[in-house]
Amino acid sequence: MQSQLNDLSIRIGGEAGMGLESSGVGFSQALVRGGLHVFGLPDYHSRIRGGHNFFTVRIARRPLYSHTEPVHLLLALDQETVRRHIGALVPGGAVVYDEKDGLPDIPRRSDVHYFSIPLSKLAEESGGNAIMRNTLVFAVAAGLIGFDPTYIESVARDNFARKGQAVVDSNLRVIAAGVEASRPFQADFPFRMEAAPGAPRRLLLNGNQAFAMGALAGGCRFVSGYPMTPGSPVLEWMAGHAEEYGVVTLQVEDEIAALCMAIGAGYAGVRAMTPTSGGGFSLMVEALGLAGMTEVPVVVYEAQRPGPSTSLATRTEQGDLLFVLHASQGEFPRIILAPGTVEQAFEVGWRAFNLAERYQTPVIVLSDHYLATSIRDVAPEDLDFDAVVIDRGEWLTEAELDNLEGDYKRHQFTESGVSPRAIPGHPKAVHASSSDEHDEYGHIEENAENRRRMHEKRMRKLETARAEMRLPAAYGLNDADLTLIAWGSTYGPLREAVDRLNEQGLRAQMLHFTDIWPVPHGTEALLTGETIAVEGNYSGQFADLLRMATGHTVSRRILKWDGRPISPEYITNHVLRFTNHRKSET
Amino acid sequence: MVTVDDFASPVRPTWCTGCGNFAIWNAVKRALAQAGLAPHQVMLVSGIGCGSKLPDYTRANGYMTLHGRTVPVATGVRLANHHLRVVCTHGDGDAYAEGLGHMLHAARRNIGLVDIIQDNRIYGLTKGQYSPTSDRGRVSKTSPWGSFELPVNPIALALAAGATFVARAWSGDLQHLTETIVRALGHRGYALIDVFQPCVTFNRQNSYEFYRPRVYKLQDDPDYDVTDKMAAFAKALEWGDRIPIGVFYQVEDRPAYEEQVPSLQAGPLALRPLEKLRPEQVQRLLEEVM
């Protein structure tokens with residue numbers, strides 16, 4: 001008895017170097033072309049070969065925002081995969097394993113199916129190379145769930161075209177062999193997820209790609225960086241598009257140089273950024289203060305991973321919030337944005353540069369491994385290129401400079417705190433700024449009154465900027481009893497958790513913050529009733545930040561710091577435990 | 001016609017009377033004028049230290065940055081606008097302690113900077129600690145037993161890192177110092193000039209009297225070949241009663257970093273209009289993820 005599911009997860013596992021993620025992304029592309037919605041989550045160790053990696057693709061007939069914990073079909077390319085993930089299978093689910101690997105010596109589950117298929121042998125025979133079993137096993141999966149394999153073929157054609165027709169053909173033979181191999185097991189596998197033909201084409205991308213695209217659209221033309229997981233794909237993406245879009249990218253000697261170069265480029269008038277993770281950001285701290293002091297627009301993309309130090313290099317955490325908020329000595333205005341979805345990552349990508357130039361100060365974009373690396377399908381119009389605005393803030397025009405009386409005041413005292421900008425190059429714009437306290441011209445000045453006024457001027461920009469910080473997005477019931485608060489990448493899991501809680505009659509809503517600092521005007525008024533902060537860290541840093549900024553103390557905190565992303569189940573289980581506990585008290 | 005007076009700033013230096021920085025400051029201004037560069041065509045980038053205040057005393061575009069980070073900031077400026085002649089002026093602590101890595105990488109990169117090191121072989125602004133170029137055995141407040149480290153050899157390091165212009169000058173010969181800077185301003189890639197700069201307050205050893213009888217000019221020898229790297233290495237190791245100054249090494253056959261960047265072929269980034277992506281560009285980006 002087969003049933004069409006509206007929600008199904010397939011997990012492939014094996015060693016690093018087996019091509020799990022690339023084949024998983026290819027399969028996800030095929031699913032999206034087949035009119036289905038996907039959420040793909042890679043899980044890998046910090047090594048090039050060996051170890052245990054897995055990639056989970058969740059498939060549904062409605063848009064997805066999150067991964068989820070149950071697995072319906074497990075594709076095991078080694079025994080370790082069976083050992084580790086057999087427990088995640090739902091009753092009725094199945095594991096497909098390579099005949100040559102056999103099964104590990106662990107108790108068999110009676111409620112799941114075990115499908116032995118000679119994956120390596122078939123890949124060798126049909127494609128000429130046993131390594132192609134990663135492609136083959138996904139074709140087996142397509143056969144089992146009843147998904148039309150022509151979509152997999154179309155992806156193989158597109159993705160391997162540049163390697164020549166012979167490679168395309170061998171992939172097509174492997175796909176056919178996989179589908180064929182699935183036939184004897186189709187009757188036993190109970191879950192179906194057939195294609196929905198004729199759906200409009202959709203995009204499939206992760207947070208890093210979406211942010212990079214948004215930054216490019218927003219006029220970023222200079223990217224300096226040092227490789228560090230999970231931020232470096234942004235540097236790679238920009239380098240790959242540099243020539244076509246007129247961007248300068250450099251891999252430099254360290255993160256100190258990376259931010260200093262971006263600051264130099266920003267000073268000279270180019271929209272500049274550096275992508276990194278928390279460790280790299282640690283090295284950038286002094287330079288961040290330089291940008292604040294000398295009022296240079298610059299963007300830092302900080303894709304968090306667990307800390308401190310090296311910690312879990314390929315995993316996720318939201319543990320850097322209060323660090324980036326306070327990084328560098330002294331006080332200066334900074335803006336912190338934390339996108340939660342692919343769409344938000346794109347929008348934050350271009351907004352960050354407008355904010356940096358409008359307020360002539362550093363903007364930090366806080367992403368994390370979960371958002372940076374998980375893939376989701378969105379409609380082309382969800383990356384809203386039409387909405388992109390390039391607003392460079394207050395600039396002196398050529399004519400204004402030509403008619404300027406006296407020397408240019410780079411750090412002119414103004415009501416807003418923003419001093420009209422001019423970049424080096426114009427004869428009337430000649431000026432020198434300094435990381436020392438300086439006067440309106442930029443000259444070093446130790447006078448107390450000047451210090452007081454110049455520091456106030458800089459800090460005033462924070463209040464000016466606060467007026468355009470956006471309030472959190474609300475999702476769920478308007479008159480909820482329970483308000484769950486999230487920031488950054490927990491958007492997806494919490495959104496789904498809220499749906500599930502409301503289905504159970506709990507009357508919940510989500511407030512999701514993308515604009516983190518300065519905390520938007522009017523935030524206090526939204527924090528009413530029972531509030532629960534949901535964060536991927538140990539202490540509840542955003543809850544502490546809200547208390548500092550608004551005086552509101554959240555009722556409870558749902559936290560996670562094991563390096564793995566928060567799932568909808570993790571949230572609902574905690575919430576239900578709180579509410580059941582309360583019921584038993586009354 | 002650009003003159004030295006064009007670079008005159010209303011701000012007066014805070015340097016001690018007799019400080020070697022005065023000669024460097026004058027030489028920079030003279031060299032810029034001789035090279036025909038006006039204040040708006042120049043960007044002086046410095047770090048933190050006595051010598052790094054030079055941009056504050058000079059009417060030109062300038063940026064006084066962080067201790068040790070002069071070169072990466074200057075690199076960013078140069079890549080954003082390679083029509084600006086970017087000149088770094090910073091001390092030996094800045095360049096050879098905190099910033100040594102950046103110097104070597106700038107040399108490898110051959111980025112078009114003139115990098116002038118005000119090398120007084122002591123920390124002046126923090127009041128007399130030994131520096132990376134202090135002689136071994138230098139007694140200071142932080143090296144009461146005499147320093148145990150050997151001094152860095154900036155000339156040899158720059159050569160080893162692939163620098164295409166490596167020179168030394170000193171504050172006691174304004175004419176020669178100016179000529180050396182002019183020559184560096186004409187170089188296409190990274191140009192290092194290590195300048196002996198007596199610190200009259202904290203370094204009594206490496207004084208004008210110490211250097212004057214010892215320094216001799218490499219270019220006085222008509223047979224000295226500035227394109228011979230091994231000869232340059234040999235001269236870099238020469239130290240003692242005779243200390244060579246002048247251009248140790250100069251080759252013009254390696255393109256500057258910025259000359260090789262495809263995106264800079266159409267002119268400086270900073271001078272190009274910044275516009276939204278065109279519809280066909282958007283379409284191409286979307287196709288990549290379909």
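I start with contact: two residues are in contact if their C-beta atoms, placed from the backbone, lie within 7 Å. This is a predicted model, in which local features need pLDDT of at least 70 and side-chain atom pairs count only at pLDDT 80 or more, while totals for chains, interfaces and linings use all residues. Residues are numbered from 1 along each chain as its sequence is written, and chains are lettered from A and ligands numbered from 1 in the order in which they are written.

By that contact definition, 46 residues of chain B and 52 residues of chain A take part in the contact between the two chains. I will name helices (H or I, at least four residues) and strands (E, at least two), which are DSSP runs numbered from the N terminus. On the side of chain B that touches chain A, two or more residues each come from strand 1 (42–46), strand 2 (61–64), helix 2 (70–80), helix 4 (100–109) and helix 10 (279–288) of chain B. Helix 2 of chain B gives the most to that side, with eight residues. By class, the side of chain B that touches chain A has 30 nonpolar, 11 polar and five charged residues. Here Ala, Val, Leu, Ile, Met, Phe, Trp, Tyr, Cys and Pro count as nonpolar, Asp, Glu, Lys and Arg as charged, and the others, Gly among them, as polar.

There is also strand pairing across the chains, which requires that DSSP finds at least two bridges between two strands. In strand 2 of chain B, B:Gly62 is the bridge partner of A:Ala432.

Now chain B by itself. Chain B has 10 helices and eight strands. Its radius of gyration, taken over C-alpha atoms, is 20 Å, close to the 19 Å that the globule rule (2.2 Å times the number of residues to the power 0.38) gives for 290 residues, so chain B is as compact as a globular protein of that length. Along the principal axes, the C-alpha atoms of chain B fill a box of roughly 70 × 45 × 45 Å. Among contacts in chain B between residues at least 6 apart in sequence, 72% join residues at least 24 apart.

Last, chain A. Its domain assignment, automatic or from a database, gives domain 1 (3–201), domain 2 (205–377), domain 3 (398–466) and domain 4 (473–585). The C-alpha centres of domain 2 and domain 4 of chain A lie 26 Å apart.
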